[in-house]
Amino acid sequence: LERRRNPWLSHAYRVFTVRQSIAELVGALDAFDPAIVTAYPSALELLAEEQLAGRLSLRPVFVEIAGESTTHDACARASVAFGCPIHNVYAASEFLLTAFSCPHDWLHLNSDWAMLEPVDEDL
């Protein structure tokens, strides 16, 4: 999406498939050397293992996860592996950045950009 929205910055964004071998993925990521990594938690866990084993050598300033649930332990391990905080992002196809995490593991709504309507079974 960002590559289409900002063509003059398209060289700064890259999408990597997890369908390739882990060795190919590690090589491609090391060659690109991203400052920001966004991943599904399950993929980030694999990358953290590679990083801790010394086969991956990324030093991002920011890592964000989205799309799946994860555990506090998995985030802590990834944070150690990459040397930066791991931020959780809640997104939807209708609105990409609905909420984001803080250091206390709360998700904060971007209330100046979006509105959430609580709905229960009686409505």
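Reader: Which element gives the most to the lining of the second largest pocket?

Author: That is H4, which supplies four residues. Please keep in mind as we go that this is a predicted model. H4 and S3 are the elements that each give two or more residues to the lining of this pocket.

Reader: What makes a residue part of that lining, and which ones lie nearest the centre?

Author: A lining residue has an atom within 4 Å of a point of the pocket. The second largest pocket has 17 such residues, and His72, Cys75, Ile86, Ser101 and Asp105 are nearest its centre. By class, nine are nonpolar, seven polar and one charged. The space inside comes to about 360 Å³.

Reader: What about the largest pocket: how much space lies in it?

Author: About 1500 Å³. Its lining has 35 residues, with Tyr13, Val37, Thr38, Ala39 and Glu64 closest to the centre. S1 gives the most here, with four residues. By class, this lining holds 24 nonpolar, five polar and six charged residues.

Reader: Back to H4, then. Which of its residues are buried, and why are they said to be on the same side?

Author: Ala74, Ala78, Ala81 and Phe82 are the buried residues of H4. They cover an arc of only 80° around the axis, so they sit on the same side of H4. The buried residues of H4 pack against H3, S2 and S3. On the other side, His72, Asp73 and Val80 are exposed.

Reader: Why does glutamate 50 count as buried?

Author: Let's set the value against the cut-off. Buried means under 20% relative accessible area. Glutamate 50 has 11% relative accessibility, so it counts as buried. This residue is in helix H3, which covers residues 41-52. Beyond its neighbours within four places in sequence, glutamate 50 is in contact with Ile22, Val26, Arg55 and Leu56.

Reader: And aspartate 33: buried, exposed or partly exposed?

Author: Partly exposed is the label for values between the two cut-offs, under 20% for buried and over 50% for exposed. At 49%, aspartate 33 therefore counts as partly exposed. You will find aspartate 33 in the loop between H2 and S1.

Reader: What makes the phi of aspartate 33 worth a look?

Author: Most residues other than glycine have a negative phi. Aspartate 33 is not a glycine, yet its phi is positive, at about 55°. A positive phi of about 70° also turns up just after H4, but there the residue is glycine 83.

Reader: What makes a set of residues a nonpolar core, and how many residues has the largest one?

Author: The residues must be buried, come from a list of kinds that includes Ala, Val, Leu and Phe, and be joined through side-chain atoms within 4.5 Å. The largest nonpolar core has 17 residues, and Leu44, Leu56, Val63 and Phe82 have the most contacts inside it. H2, S1, H3, S2 and H4 each give two or more residues to this core. Take leucine 44: leaving out residues up to four places away in sequence, leucine 44 touches Ala39, Val63, Ile65, Ala78, Phe82 and Ile86. As a general rule, nonpolar side chains in soluble globular proteins tend to be buried together.

Methods: Residues numbered from 1 in each chain as written. Heavy atoms only, no water. Buried < 20%, exposed > 50% of the residue type's maximum accessible area, 1.4 Å probe, protein only. Contact = heavy atoms within 4.5 Å. 1 Å grid on protein atoms, 1.4 Å probe; cavity = no way out; pocket = protein on both sides within 12 Å on 5 of 7 lines; lining within 4 Å. Points joined across faces, edges and corners; volume = space filled by probe spheres on them. Nonpolar A, V, L, I, M, F, W, Y, C, P; charged D, E, K, R; others polar. Arc of directions from axis to C-beta.
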